[in-house]
Amino acid sequence: MNITVVGSGKVGASAALNSCLRKLGDVLLLDIVKGLPQGEALDINHQLSELGIDCSVRGSNEYADMKGSDIIVLVAGVGRKPGMTRMDLLTTNANIIKEIATKIRSLVSRAIVIVVTNPVDPMTYLTLKLLGTGRSRVMGMGNMLDLSRFKSFIHEITGFSRGSISAMVIGEHGENMLPLPRFSSAAGIPLTTFLSPEQILTTLESTRKIAAEVISLKGATIHAPGNAIAAMIESIVRDRKSLIPVSALLDGEYGASDVCLGVPVILGANGIEKIVELELDSLEKDMFDRGVRSVKTAINELHV
Ligand code: NAI
């Protein structure tokens, strides 16, 4: 498999490394900064050599090199600074995505595209429209990262093995994120068996806010996003048909249309193979709909 990562900054490099650690294919790192993708490629290849992993990483500043890519990760753009929301990045990053989409349109015929640049839901919508690809082949990564944080809080409170915890987060990857305790469990046993209502509320709030805390502490989130991207790539490359949340173009699902938002999907070799609709209660639906309105407002500002 040929994987291209456009944007070789902190998250792009982490996505490349995590993809190689999972042995998913060869990776091309692209960036506009001369030397950066080449340097990251050398550094990662040195690690892979010691580990005996034969995936290879290349760095380039030439979009033409990505011809024939099977999977493309778009992670170019600016990240938020302490105090900013993801929506504050809308205009700046939309201009970057527009520039990249124009350059890669002729190179992505059969590729599956994973958008990571924030705010990820409007950026996924923008990419879909600019590339003109079907909705199964363009998706955003956001909730996969959110659920790894939700799982982490559940692990901290219960002390249970991380491997026995399963969690679901859907909705906007942003202020209206919707962690779903009703659809989360430890080995299939509902969370309410182990957590009080107050503890559940605390984990929900913490899941929504923790990214901002990481950014205030170290400037960016890096490792968990890189892993979340690689988990999505793995489901596609190995045709695992994992049930995981991704930002997808909705066409009536969850009562929304013409908007990208995080929903559970079956992810396989053909990209999004099915959107799974959950029965949301009124509070959950309210939060989901707030996400829809927020992303639609952002999309309107993009004039696509
Ligand atoms: P970074 O600043 O370390 O890297 C961004 C890279 O993009 C830079 O190397 C820059 O040169 C490159 N770039 C800018 N314009 C480009 C262009 N036209 N073509 C190719 N490369 C270009 O930023 P970081 O921390 O890696 O974050 C990247 C983006 O990912 C941000 O928008 C951030 O908010 C987002 N992000 C999204 C997450 C999610 O869950 N969806 C999680 C973490 C970050």
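Predicted model: local features only at pLDDT ≥ 70, side-chain atom pairs only at ≥ 80, totals over all residues.
Begin by colouring residues 2–140 as domain 1 and residues 143–302 as domain 2. The C-alpha centres of these domains lie 21 Å apart. Next, display the interface, where 39 residues of domain 1 are in contact with 50 residues of domain 2. About 3,600 Å² is buried between the two domains, with 66% of that area on carbon and sulfur atoms. Select Asp 121, Tyr 125 and Arg 135: they supply 19% of the area that domain 1 buries against domain 2, more than any other three residues.

**Links across the interface**

Three salt bridges are found across the interface of domain 1 and domain 2, and twelve residue pairs are in polar contact between the domains. Several elements give two or more residues to the side of domain 1 that touches domain 2, among them helix 1 (10–21), helix 3 (90–104) and helix 4 (120–131). Select helix 4, which gives the most to this side, with eight residues. By class, this side of domain 1 has 20 nonpolar, eight polar and eleven charged residues.

**Further salt bridges**

Move to helix 3 and select Glu 99 and Lys 103, which lie four residues apart, about one turn of the helix. Their side chains meet in a salt bridge (3.1 Å, N to O). Glu 99 is partly exposed, at 40% relative accessible area, and Lys 103 is also partly exposed, at 38%.

Now select Glu 273 and Lys 241, whose salt bridge brings the closest N and O atoms to 2.7 Å apart. Glu 273 is in strand 14 and Lys 241 is in the loop between helix 7 and strand 12, so the pair ties together parts that are 32 residues apart in sequence.

In helix 8 (residues 282–302), select Asp 289 and Lys 285, separated by about one helical turn. Their salt bridge has its closest N and O atoms 2.9 Å apart.

**A buried loop residue**

Finish at Asn 176, in the loop between strand 8 (169–171) and strand 9 (177–179). Is Asn 176 buried or exposed? Asn 176 counts as buried because its relative accessibility is 12%, which is under 20%. Then display Met 287, Arg 290, Gly 291 and Ser 294, which Asn 176 touches.

Key:
Residues numbered from 1 in each chain as written. Heavy atoms only, no water. Buried < 20%, exposed > 50% of the residue type's maximum accessible area, 1.4 Å probe, protein only. Contact = heavy atoms within 4.5 Å. Domains from an automatic or database assignment. Buried area = accessible area lost by both parts, 1.4 Å probe. Salt bridge = Lys/Arg side-chain N within 4 Å of Asp/Glu carboxyl O. Polar contact = N/O pair within 3.5 Å; in protein donor to acceptor, adjacent residues only side chain to side chain. Nonpolar A, V, L, I, M, F, W, Y, C, P; charged D, E, K, R; others polar. Lists of a residue's contacts leave out its neighbours within four places in sequence.
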